[in-house]
Amino acid sequence: MKYFLLAFLLFGSAVCYSQKYALIDKNFSIPLTYTNAVTVEHKHKNFFPVENTQLRKFVAELEKIAVILTDKKKSIPEAFDFNIGKTRFVGLKIPSAKEERLDVVLSTDCDGSKVFMHLSDSKTSNARNAYFINTWVKYIKSYLK
């Protein structure tokens, strides 16, 4: 009976501490924060929420977008629109005089709080956008549980 109770307490405590969302600071200044609910305050503090269970897939997609921006041999897709959990990626190829650029907007709808982020801006070169995305990926990976 003691072992059953001990196992129940250990398992119960592990389940209680799992958080629903990872809050990613858009400015790289605050470590990843985990929470069960996304509030308006999180939105105003410049956090981008991602479902904790989808965080690794989210990072993998960011890495793919960075490769698209840096690889000169691959052509940029005309457009894309897909979801990873509650996070939506919308991308559009924008022609310019020097290079074709990729404009990517992320949005997430967590607990009724919709948050947007311009991941890749077509006003900026692909190299700068790729640098930002790669830096953001390193920041996120450094805090993954």
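**Rings and a helix**

Modeller: At 26% relative accessibility, F82 counts as partly exposed, because buried means under 20% relative accessible area, exposed over 50%, and partly exposed in between (1.4 Å probe, protein chains only). This is a predicted model: local features need pLDDT of at least 70, side-chain atom pairs count only at pLDDT 80 or more, and totals for chains, interfaces and linings use all residues. Residues are numbered from 1 along each chain as its sequence is written, and side-chain values use heavy atoms, leaving out hydrogens and water.

Colleague: Is F80 buried or exposed?

Modeller: F80 is buried, since its relative accessible area is 16%.

Colleague: How many aromatic pairs are there?

Modeller: The structure holds 10. Rings of Phe, Tyr and Trp (its six-membered ring) pair if their centres lie within 6.5 Å; planes under 30 degrees apart count as stacked, over 60 as edge-to-face and the rest as tilted.

Colleague: Why is the pair of F48 and F58 called stacked?

Modeller: The ring centres of F48 and F58 are 6.1 Å apart and the planes are at 20°, so the pair is stacked. F48 lies in strand β3 (residues 47-51) and F58 in helix α3 (residues 55-70), so the pair ties together parts 10 residues apart in sequence. Helices (H or I, at least four residues) and strands (E, at least two) are DSSP runs, numbered from the N terminus.

Colleague: What makes F48 buried?

Modeller: Its relative accessibility is 0%, so F48 counts as buried. F58 is also at 0% and therefore counts as buried.

Colleague: Why is the pair of F80 and F82 tilted?

Modeller: Their ring centres are 5.7 Å apart and their planes are at 35°, so the pair is tilted.
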